Amino acid sequence: MINRNSMSRTLSVIVLSVCGLLCGGSVSASQNDEAGDVAVMIVIGQSNADGSAMFDPELDSEMKAWYESPANPRKMKIWYRSSKVENQASNALGEAARWVVDGDTADVDPGWLDLWYRNENTLGRTAMNMIHGYGTWSIGGGTDCAQGRRGMEGAFGKAFAEAMPETELYVLKLGVSGSFISSWANPADDHNWNYFCDNIFRPAMADLIAQGKRPKLAGVWWMQGCADSGCDREYYLESLKRLVGRVHDVLCFPEGKIYVGHVVAPGESSVAPDGSTSFSRNVRDAQDEVAAEDPSIEIVETGDFDLQYEDAFGGYIHFSHSGVNAIGRELARRVLSVGPDGWAPYVCPVK
């Protein structure tokens, strides 16, 4: 069991209790000039947001070499909480929902771990990748366990740190495989959004503020839509608008930039075109329409990123290891091109 800094946790509790810091609370970041601005990157969505890539040994070796080298300034953290994805019979909308819940194993206390290229939480470092019921904790072996999958954070963190080695980066991530947008943006469900707020966003932000830091949102990576292939354009459009509003108003980043991963078009996958025929043009059209109306939204085309085909998932398509690394580099490019002056300040309450 890794012991956290108890003073930091105590201060976090005090901040929460006195200031009432909820998602949509009423406390603003400290103006301590010595602490300075720190970058926050939010990653939410379903399996391709979490990172379901089967690892490639060569890519892993390259990432490991950099993360262990002096080139890594070690100023990057990710908020960890032991969790897993659990199937539900149905939610209030009649969907066979998938919710994230606390994990079976209390392996590491909730808190900051060093950002790493893979899940090794018991060593104090992680990318917090989970694989459905196996959760985020580091047990077992092979591609089905927590250590067997990779996300975009390894490549993103490397590119970010190489460009801005003196800037602290804090990643807040929750990917829930197979989750409908309703569990993130519909008041009739809301489970995954609430879990993210209560167990990741709120305690993480409270801890940063207790340390006197000034969080600025470098961006949100939203990758979701495959689970909603059967819905119409208008439903996804309104749901995505509601999610964007929650990032701006509830999370208190009114100027926050949201990078939306375009779901692969039906039949677009060069790896397995037959496996992508069920992907939805309605979702893509809705994503495009929201982006056209809201300058805070940027579409990230994903059709050129490498994919992997998985028989075990009935032909479901995930990004491969090279694919998630490409996503990480592309997101870093966009975040860095905006730069700290353009990152959204944390403002609560929203005026």
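Between which two strands is the loop in which Met128 is found?

Tutor: Met128 is found in the loop between strand S7 (125-126) and S8. The model is a predicted one, in which local features need pLDDT of at least 70 and side-chain atom pairs count only at pLDDT 80 or more, while totals for chains, interfaces and linings use all residues. Residues are numbered from 1 along each chain as its sequence is written, and side-chain values use heavy atoms, with hydrogens and water left out. Helices (H or I, at least four residues) and strands (E, at least two) are DSSP runs, numbered from the N terminus.

Let us stay with this residue. Met128 counts as buried because its relative accessibility is 2%; buried means under 20% relative accessible area, exposed means over 50%, and partly exposed lies in between (1.4 Å probe, protein chains only). Most residues other than glycine have a negative phi. Arg74 likewise has a positive phi, near 60 degrees, and is not a glycine. Arg74 lies in the loop between H3 and S3, and with 46% relative accessibility Arg74 counts as partly exposed.

In general, side chains of opposite charge can pair when their charged atoms come close.

Asp102 and Arg81 form a salt bridge of 2.8 Å, N to O. This pair also links distant parts of the chain, 21 residues apart: Asp102 is in strand S5 (residues 98-102), and Arg81 is in the loop between strand S3 (76-80) and strand S4 (83-87). Here Asp102 is partly exposed, with a relative accessible area of 38%, whereas Arg81 counts as buried at 19%. In another salt bridge, the closest N and O atoms of Asp190 and Arg246 are 2.7 Å apart. Asp190 lies in the loop between helix H5 (182-185) and helix H6 (191-210), and Arg246 lies in helix H7 (residues 233-250), so the bridge ties together parts that are 56 residues apart in sequence. Asp190 and Arg246 are both buried. Salt bridges that share partners also join Lys257, Glu298, Glu330, Arg333 and Arg334 into one network. A search of the whole structure finds 21 salt bridges.

The C-alpha atoms of Ser296 and Lys257 are separated by 4.9 Å, although the residues are 39 apart along the chain. Ser296 lies in the loop between helix H8 (281-293) and S12, and Ser296 counts as buried at 12% relative accessibility. Beyond its neighbours within four places in sequence, Ser296 is in contact (heavy atoms within 4.5 Å) with Val244, His248, Gly256, Lys257 and Ile258.

Ala218, in strand S10 (residues 214-223), is buried with a relative accessible area of 2%. Leaving aside neighbours within four places in sequence, the contacts of Ala218 include Ala39, Tyr259 and Trp343.

Finally, these details may be set against the whole chain. The chain has 9 helices and 15 strands, and 58% of its 351 residues count as buried. Of the contacts in the chain with a separation of 6 or more, 75% come from residues 24 or more positions apart.

Conventions: Salt bridge = Lys/Arg side-chain N within 4 Å of Asp/Glu carboxyl O.
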